[in-house]
Amino acid sequence: MGEEQLLDIALQSARLAGAEIMNYYRHGNFDTEIKGDESPVTSADLAANQVLMDRLKTLTPDIPIISEELDIEGLAQRKLWSKYWLLDPIDGTGEFIIGSGDFAVNIALIENGWPSIGVIHAPDHCLTYYGQKHLGAFKDNDQGSHQIRVASYKPGRAVKVAISRRQELSLMGQYLSSDFDFEYIALGSCSLKNCLIAEGGADCYLRIGPTGEWDTGASQCILEQAGGSILDSEFHPLSYNCRDTLMNPDFISMGDRDFPWKQIIHPHKTLR
């Protein structure tokens with residue numbers, strides 16, 4: 001099966017899962033539990049996960065699946081996979097619960113340890129971002145589908161920083177150089193912040209705190225295809241399916257590579 005077919009399957013699957021999520025969201029008829037890592041999960045997360053699992057297992061039975069809402073195979077088994085789907089049925093479950101609309105279905109195809117396809121569908125915004133290795137990054141909404149690109153670096157202009165609505169700006173100040181001017185843009189899910197950078201609406205995002213590989217896989221593909229990157233707090237690439245844990249280190253999502261990022265973000269500090 002070709003990469004173009006796999007991208008179509010990912011797009012269709014994300015939209016079907018999004019429609020299932022909206023059945024819960026519009027009526028508020030969902031249950032919420034707290035998982036062992038103290039993060040919330042709702043009946044909508046689990047329903048969306050089931051939609052994705054049923055569809056991907058049917059259409060791509062030979063491709064293994066890792067999902068935030070599934071038990072994870074051990075590394076001894078996973079390291080044998082040259083290709084697998086990486087899913088977050090609802091990225092931004094907290095935003096889903098409070099009704100902000102800033103949540104999304106994340107689907108990535110990881111090949112040889114790196115995201116080659118990324119789809120992020122935000123059903124309440126009727127918005128889909130997608131990217132494919134060597135193809136580019138795109139935004140699909142009621143205006144149609146068009147290619148997106150990170151904002152160009154221009155010396156002297158303010159650096160636009162994507163943040164959580166509940167993020168303390170004083171925390172960001174520890175890591176951002178006072179030699180630059182900053183604007184702050186609040187948005188919900190991790191993946192949507194990365195997509196905002198990919199389409200030029202922000203320049204960077206500093207993630208301090210726990211995330212899983214399913215939080216970054218899809219948006220990393222999109223952001224890279226738009227001209228940006230995601231690196232850990234010491235400016236090293238993230239890794240996929242290389243460790244026993246699937247938890248990410250703190251990371252920095254960055255737009256145009258011409259920005260002097262190591263001057264903007266204090267190089268002598270890690271993010272925690």
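Let's start at Asp 91. Setting aside residues up to four places away in sequence, Asp 91 touches Asp 102, Phe 103, Ala 104, Asn 106, Ser 189, Cys 190, Ser 191 and Asp 215. Keep in mind that this is a predicted model.

Where does Asp 91 sit? It lies in strand β4, residues 83-91. Is Asp 91 buried or exposed? Its relative accessibility is 4%, and buried means under 20%, so Asp 91 counts as buried. Its side chain also makes a polar contact, at 3.2 Å, with the side chain of Ser 189.

Now to one of those partners, Asp 102. This residue is in the loop between α4 and β5. Asp 102 has a relative accessible area of 3%, so it is buried. Which side chain does the side chain of Asp 102 meet in a polar contact? That of His 125, at 2.7 Å. Beyond four places in sequence, the contacts of Asp 102 include Asp 91, Gly 92, Glu 95, His 125 and Arg 165. Leu 187, Gly 188, Ser 189 and Leu 192 are also among them.

Next, the record. An unreviewed UniProt entry lists Glu 68, Ile 90, Asp 91, Gly 92, Thr 93 and Asp 215 under "binding site". These residues are spread over 148 residues of sequence, yet they cluster in space, with a largest C-alpha distance of 12.2 Å. The lining of the largest pocket includes Glu 68, Ile 90, Asp 91, Gly 92, Thr 93 and Asp 215.

Take Thr 93 from that list. Thr 93 is found in helix α4, residues 93-98. It is buried, at 9% relative accessible area. Leaving out residues up to four places away in sequence, Thr 93 touches Pro 40, Val 41, Thr 42 and Asp 45.

Last stop: helix α7, residues 213-225. Asp 215 is one of its buried residues. So are Trp 214, Thr 216 and Gly 217, among others. Eleven of the 13 residues of α7 are buried, so the helix is largely enclosed by the rest of the structure.

How far apart are the end C-alpha atoms of α7? They are 18 Å apart, which agrees with the 18 Å that 13 residues should span at 1.5 Å a residue. There is a bend too: about 30°, at Ser 219. Just after α7, Gly 227 takes a positive phi of about 105°.

That's the tour. Questions, please.

Key. Residues are numbered from 1 along each chain as its sequence is written. This is a predicted model: local features need pLDDT of at least 70, side-chain atom pairs count only at pLDDT 80 or more; totals for chains, interfaces and linings use all residues. Side-chain values use heavy atoms; hydrogens and water are left out. Helices (H or I, at least four residues) and strands (E, at least two) are DSSP runs, numbered from the N terminus. The expected span of a helix is 1.5 Å times one less than its number of residues. The bend at a residue is the angle between axes fitted to the seven residues ending there and the seven starting there. Buried means under 20% relative accessible area, exposed over 50%, partly exposed in between (1.4 Å probe, protein chains only). UniProt positions are given in the numbering used here, feature names are shortened, and annotations may be inferred rather than shown by experiment. On a 1 Å grid over the protein atoms alone, a cavity is a set of points where a 1.4 Å probe fits but cannot get out, and a pocket is an open set with protein on both sides within 12 Å along at least five of seven lines; lining residues have an atom within 4 Å of a point. Contact means heavy atoms within 4.5 Å. A polar contact is a pair of N or O atoms within 3.5 Å; within protein, one must be able to donate a hydrogen and the other to accept it, and residues adjacent in sequence count only if both atoms are side-chain atoms.
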